[in-house]
Amino acid sequence: MKMSGAEILVECLKREGVKHIFGYPGGVVLNIFDILYDEKSLELILTRHEQGAVHAADGYARVSGKAGVAIVTSGPGATNTVTGIATAYMDSIPLVVVTGQVPTSLIGNDAFQEADIVGITRPCTKHNFLVKDINDLAKTVREAFHIATTGRPGPVLIDLPKDVSAGSCEFIWPEEVKIRSYNPKYEGNKWQMKQAADEIVKARKPVIMAGGGVIISDASKELKQLAELGKIPVTMTLMGLGGFPGTHKLSMGMLGMHGTYCANMAVQNADLIIGIGVRFDDRVTGRTKDFAKGARIVHIDIDPTSIKKTLEKVEVPVVGDVKNVLTGILKNLKESKEQWGAVRKAWLAQIEKWKSEKPLEYEHDAKIIKPQFVVEKIYEITKGEAVICTEVGQNQMWAAQFYKYDKPRTWLSSGGLGTMGYGFPAAIGAQIAKPGATVFDIAGDGSIQMNIQELATAVINKLPVKVAILNNRYLGMVRQWQELFFNERYSHTNLDVVPDFVMVAEAYGAAGLRAEKPEDVEPVIREALKIKNRPVFMDFVVDWKEKVYPMVPAGAAINEMIFGEKKDKKRKFDSSELKIA
Amino acid sequence: MKHTISVLVENKFGVLARISGLFSGRGFNIESLSVGETIDPQISIMTIITRGDDQIIEQITKQLNKLIDVIKVIDFMEVEHVEREMVLIKIAPSKNDRPEALRTAEIFRGRIVDSGHKTFTIEITGDEKKIEAFVELMKPYNIIEFVRTGKVAIAREGVKKISIKNDQ
Ligand SMILES: Cc1ncc(C[n+]2csc(CCOP(=O)(O)OP(=O)(O)O)c2C)c(N)n1
Ligand SMILES: [Mg+2]
């Protein structure tokens, strides 16, 4: 059957199982939007900014495990997607982003609204395509979804010139996708899996470091089995939260720059690190040459480039899908006659000691709201069952520390790129993917202003997204660094004029609530939870002086943590002690 | 350590940009890069000369493999192989020097591909050592222009070409 390029695109999206698209129109995508106008089985959610569209598609993907889809126009529409694409790329999130392009005859002429988006996004997409011939369109869409969702997932961009979407050709759906140069390796090498199991048997002080790969590969069950069988304590990277139950006895919480004392000490004293779906980035390892010095390393990842990228030595690399590899290791381990309980007794006792020595804490105050208290209350009231999105900064770290994630795909945060403005549109995408879920965006007063226009999107779609703004009137995380490392010179981090968030919300037709005293916190959250048909902004006026602890200064080893002053005066940080690499 | 890496790629629009962008974006060094079609017009081959310690070279080959359009990566460090490069040198020797310059070219099996009243252009092919030696000898003869193709490499007979696509 002969179809137009726009029809072919939409037909392909339907066959890929797409139900929701996030987008924003413009000149060169008019043909596509025209087809979508009558399309019943595909809903386009109009965001108020293309960055919002891509983050929403990303949030949708993180919650559902399916590829998120965005369609935008050429030029500024396309360039506005770059931050969203780069965010998804860093966190391995499957997206298919379709950008309109000027007609092929005009490409290269600096035509109106022309941008070389394929060139611009080459380093921040898993792959991208410029479709020059309509006969390649169906195949390209198919390949885009295949590439985005297989192996280590990531964003794929399709640039679609106007004459291609307006043209027509015979529609042929390629039943099979085969890309000869792309064959991700899912099965782990048998011998290496055996070796990994042997390492676990030999180890006396093992630590599992679980990352986003566990969630992507849906391997929480296998991870839990491994930890429980071998009695191995588990720490998670920021991306790994939810991959292992935060309330589990073997959980040590997050590690790294703002990790728990226990997790960082355990890693530094371990004799074996089992890195599962992690990439050992600098926020986790601290000074690499002092990272887990006494440990042998087993590194499991589907992406061979992750292995030995930052670490110089890895004793047992296993390339493969985490779920398969863990299954293989478990099979080997089950044959072992090891008396795990006895073998791990001393190590687990040490872990417990670290846990109780310095748990995550803050000093509650009767008069002023502590931001951590807000997160704790949200945790308590939602019973840990909400989907939590975050912005970036202190709000993000407190949300990581004081909410315990028991299930995968309930924690959405821009880990690799650290994109302020991610959380709110991501929460919108998450809410669309899971209409019944309670979805929060734990936000900062700075970050929320980066995509605040998406209030309109949430209102019009009746999405009850709950935005908890930890309003400290500062770019708090940057201010924290200035306080600790720049002699309290608060250069351009005071937000001076913070809008009245309650009024902003109301102006958009959303609900606005405010808490100024600790006793207001719980009623405000409960009130917000009652609102089911529109978004709500909760403005929590919090103590601006509060800092995120523990903290490992950039360039330090991860056991060189600094702590809150009150709790531990002697450990007050002195920057002259540090050898910053 | 210097490595010669061959990369078989899909002969598609933008592939060279993907490869060169990978090197610049990740701070890998490129000493030379040559590209051409293979017998199969759908496939191109790039020969890249790069430097780095083992960890970096490992990253380079893995990152290359990770690109969707890359079919195969061969690090010739691990393979018995032959390397060649071609250069064209235009020299303007003085009248007295001409015979000597031509004789030197002959010794190096150079070919005169152009000559005029004032200049000769010599084509010379060889491995790095030979070319360097030749260029050194030509220096006194007033080199006016100098272009080189960049190296290409091929495995010797009987050597199994090892592909490192997707291997650890
Ligand atoms: C788009 C973007 N710009 C700048 C930064 C650098 N940055 C990191 S945290 C932060 C402050 C965030 O302030 P706010 O949203 O109020 O959060 P808080 O730390 O106060 O909780 C900034 C500016 C960033 N991460 N992202
Ligand atoms: Mg703030």
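Seven residues of domain 1 of chain B are in contact with six residues of domain 2 of chain B, contact here meaning heavy atoms within 4.5 Å. This is a predicted model, so local features need pLDDT of at least 70 and side-chain atom pairs count only at pLDDT 80 or more, while totals for chains, interfaces and linings use all residues. As for bookkeeping, residues are numbered from 1 along each chain as its sequence is written, chains are lettered from A and ligands numbered from 1 in the order in which they are written, and side-chain values use heavy atoms, with hydrogens and water left out.

Back to chain B. Its domain 1 covers 2-79 and its domain 2 covers 82-152, with bounds that come from an automatic or database domain assignment. Taken over C-alpha atoms, the centres of these two domains of chain B are 29 Å apart. Between them about 450 Å² is buried, with carbon and sulfur atoms giving 45% of it; buried area is the accessible area (1.4 Å probe) that two parts lose on being put together, summed over both. On the domain 1 side of chain B, K2(B), T4(B) and S34(B) supply 55% of the area buried against domain 2, more than any other three residues. There is one salt bridge between the two domains of chain B, a salt bridge being a side-chain nitrogen of Lys or Arg within 4 Å of a carboxyl oxygen of Asp or Glu. K2(B) also forms a salt bridge with E128(B), where the closest N and O atoms are 2.9 Å apart.

Chain A splits into domain 1 (2-170), domain 2 (190-357) and domain 3 (371-541). For domain 1 and domain 2 of chain A, the C-alpha centres lie 37 Å apart, and the contact takes seven residues from domain 1 and six residues from domain 2. This pair in chain A buries about 570 Å², 60% of it from carbon and sulfur atoms. M90(A), D91(A) and R152(A) are the domain 1 residues that lose the most area to domain 2 of chain A, together 65% of what that side buries. One salt bridge is counted between domain 1 and domain 2 of chain A. R152(A) pairs with D303(A) in a salt bridge, with the closest N and O atoms 2.8 Å apart.

D303(A) turns up again in a salt bridge with K66(B), at 2.7 Å from N to O. Between chain B and chain A, three salt bridges are counted. The two chains meet through 22 residues of chain B and 26 residues of chain A, and the area buried between them is about 2100 Å², with carbon and sulfur atoms giving 49%.

Now for the packing inside. The largest nonpolar core has 70 residues, and I208(A), I276(A), I300(A), I329(A), M538(A) and F540(A) touch the most other members. Such a core is a set of buried Ala, Val, Leu, Ile, Met, Phe, Trp, Tyr and Cys residues joined through side-chain atoms within 4.5 Å, and buried means under 20% relative accessible area, exposed over 50%, partly exposed in between (1.4 Å probe, protein chains only). Helix α14 (residues 322-334) of chain A gives the largest share of this core, six residues; helices (H or I, at least four residues) and strands (E, at least two) are DSSP runs, numbered from the N terminus. At least three residues come from each of domain 2 and domain 3 of chain A. Leaving aside neighbours within four places in sequence, I300(A) has contacts that include I274(A), I276(A), V318(A), L326(A) and I329(A). A second, separate core of 49 residues includes A57(A), C389(A), I428(A) and L455(A).

The magnesium ion (ligand 2) is coordinated by D445(A) through OD, N472(A) through OD1 and Y474(A) through O, at 2.1 Å. Donors are N, O and S atoms within 2.8 Å of the metal (3.2 Å for Na, K and Ca), and water is not among the atoms, so sites may look incomplete. The donor residues follow the spacing D-x26-N-x1-Y in sequence. D445(A) is buried at 0% relative accessible area, and Y474(A) is buried at 11%.

Finally, T73(A) lies in the loop between β4 (68-72) and α4 (76-79) of chain A. T73(A) counts as buried, at 5% relative accessibility. Not counting residues up to four places away in sequence, T73(A) touches residues including Y24(A), P25(A), A78(A) and T99(A).
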